[in-house]
Amino acid sequence: MENLRIPGPTPCPNEVLQAMTKQMINHRGPEFKQILYDITDKLKQLFQTKGDIFLLTASGTGGMEAAVVNTLSPGDKVLSVAIGVFGERFGVIAEKFGAEVIPLLFEWGKAADIDTIRKALQDKPEIKAVLVTHNETSTGVTNDLGSISSVAKEFDKLLLVDAISSLGSINLPVDDWRCDVTVTGSQKGWMTPPGLAMVSVSQRAWQAHSKAKMPRFYWDFTKAKNYLEKGQTPWTTGVSTVYALSTALDMVQKEGLANIIARHARVAKAARDGIKSLGLSLFAEESHASNTVTSVAASDGLDTKKLLKIMREEHQVVLGGGQQKLDGQIFRIGHLGRVNDDDIAAVISALKVALPQAGFRSKS
Ligand SMILES: *Cc1c(COP(=O)(O)O)cnc(C)c1O
């Protein structure tokens, strides 16, 4: 079997795949209502929130758009803190819907600097919201979201968080960190196929929502809330993916959030240690290296395209490449969701064979 080690879609347990073979049910009937309420309750525990949770039929990006259009109005000034591809995408979404985006870009591979964010908020008191990525999947860096939140709240800003590749895998206490809208996606840490975005909405976000004028129809949180009161989603949801998520969340609950977070930390450390033992260097600054994806710098003659091909064809290990300007500069190992020590050991031992074949000449 293939060892799929990209940062989403991630491998699904057999039980989860089996759940998707179940017959359709009435998505406005009592059985669906029970499943939806059960999923919502479980997600509240995993998001560590007492706020609202909605299931949207979308990939993660749909959830990001929902966060923007439900809380902002055209002309609103927003600070878009970006440390990679996905941070920049969040800013672009806001801009497309007419927000006045103030980009705050940091060097790729590094985390956002808290004092720089504070200064940006001091300089422009008109800023209404801060957009931020918790875990930047393109660079393998986890932002210090607790501190970013403290600064945003020091200035009383709305905080919209892309936690697509962190929630459920890396600790993110949504209420403690006062995140107003938090977004994740089923195909990342949730051991579920792509197709669902899960979002949390705080009281503060509802206040913003009541005044927000960006155009929205499919993503409207008011509709989502009204329908959830009846045990439904406003539009026909991906029923099979909901079955899958329900089964995956049973497994998550059984393992326990604290154990899952610890497993991700352990496996990520094994990935980083293994990479260093091969004479490679990490791309991300190690103090903020992600526990869900490890980015590795191409150095010493390494051809990453060739490496990924050899790994896939000869070792059945599928790794991620670099996105946009990191194409050819890095490769990435995904380790989120259903992942264990053996999966990483297999990656490292295959790399040991494949690296020299892909041009890498270790100095050590
Ligand atoms: C995967 C990912 C996205 C995009 O999600 P899609 O499901 O592909 O739309 C956005 N942000 C982060 C941090 C991600 O990891």
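Select Asp 123, which is partly exposed, with a relative accessible area of 49%; here buried means under 20% relative accessible area, exposed means over 50%, and partly exposed is anything in between, computed with a 1.4 Å probe and with protein chains only. What you are looking at is a predicted model, in which local features need pLDDT of at least 70 and side-chain atom pairs count only at pLDDT 80 or more, while totals for chains, interfaces and linings use all residues. Residues are numbered from 1 along each chain as its sequence is written, and side-chain values use heavy atoms, with hydrogens and water left out.

**Helix α5**

Asp 123 lies in helix α5, where helices (H or I, at least four residues) and strands (E, at least two) are DSSP runs numbered from the N terminus. From Asp 115 to Thr 222 the distance is 36 Å, C-alpha to C-alpha, and the two are 107 residues apart in sequence.

**Helix α6**

Now select residues 145-154, which form helix α6, a mostly covered helix in which 7 of its 10 residues are buried. Which residues of α6 are buried? They are Leu 145, Gly 146, Ile 148, Ser 149, Val 151, Ala 152 and Lys 153. If you show the surroundings as well, you can see these buried residues pack against α5 (114-123), β5 (129-133), β8 (158-162) and α7 (203-211), where contact means heavy atoms within 4.5 Å. After α6 comes Asp 156, whose phi is positive, near 60°.

**Backbone details in the loops**

Most residues other than glycine have a negative phi, and most peptide bonds are trans. With that in mind, select Gln 48, a residue other than glycine whose phi has a positive value near 55°. Gln 48 sits in the loop between α2 (30-47) and β2 (52-57), and it counts as partly exposed at 29% relative accessibility. Move on to Gln 316, where phi is also positive and near 55°; this residue lies in the loop between α11 (304-315) and β13 (317-321) and, at 41% relative accessibility, counts as partly exposed. Then go to Gly 8 and Pro 9, which are joined by a cis peptide bond with omega near -5°; Pro 9 belongs to the loop between β1 (3-5) and α1 (14-19).

**A buried serine**

Select Ser 200, which is found in strand β10 (residues 196-201). Is Ser 200 buried or exposed? Ser 200 is buried, with a relative accessible area of 2%. Leaving aside neighbours within four places in sequence, Ser 200 is in contact with Phe 47, Thr 49, Asp 52, Ile 53, Val 174, Asp 180, Val 181 and Thr 182.

**The two domains**

Colour the chain by domain, with domain 1 as 3-7 + 257-357 and domain 2 as 15-254; these bounds come from an automatic or database domain assignment. The contact between the two takes 24 residues from domain 1 and 26 residues from domain 2. The centres of domain 1 and domain 2, taken over C-alpha atoms, are separated by 26 Å.

**The ligand**

Finally, select the ligand and the 14 residues around it, of which Ser 59, Thr 61, Thr 137, Asp 162 and Lys 188 come nearest; a residue is near a molecule if one of its heavy atoms lies within 4 Å of it. By class, this shell has 3 nonpolar, 8 polar and 3 charged residues, where Ala, Val, Leu, Ile, Met, Phe, Trp, Tyr, Cys and Pro count as nonpolar, Asp, Glu, Lys and Arg as charged, and the others, Gly among them, as polar. Both α3 (60-71) and α4 (85-96) supply at least two residues of the shell, and α3 gives the most, with 3 residues.

Draw distances from the ligand next: one of its oxygen atoms lies 2.4 Å from a polar side-chain atom of Thr 137, and a nitrogen atom of the ligand lies 2.6 Å from a polar side-chain atom of Asp 162. An oxygen atom of the ligand is also 2.6 Å from an N or O atom in the side chain of Lys 188. The protein covers 88% of the 380 Å² of accessible area that the ligand has on its own, with such areas coming from the Shrake-Rupley method with a 1.4 Å probe and, for residues, counting only the protein chains shown as cover.

Technical notes. Polar contact = N/O pair within 3.5 Å; in protein donor to acceptor, adjacent residues only side chain to side chain.
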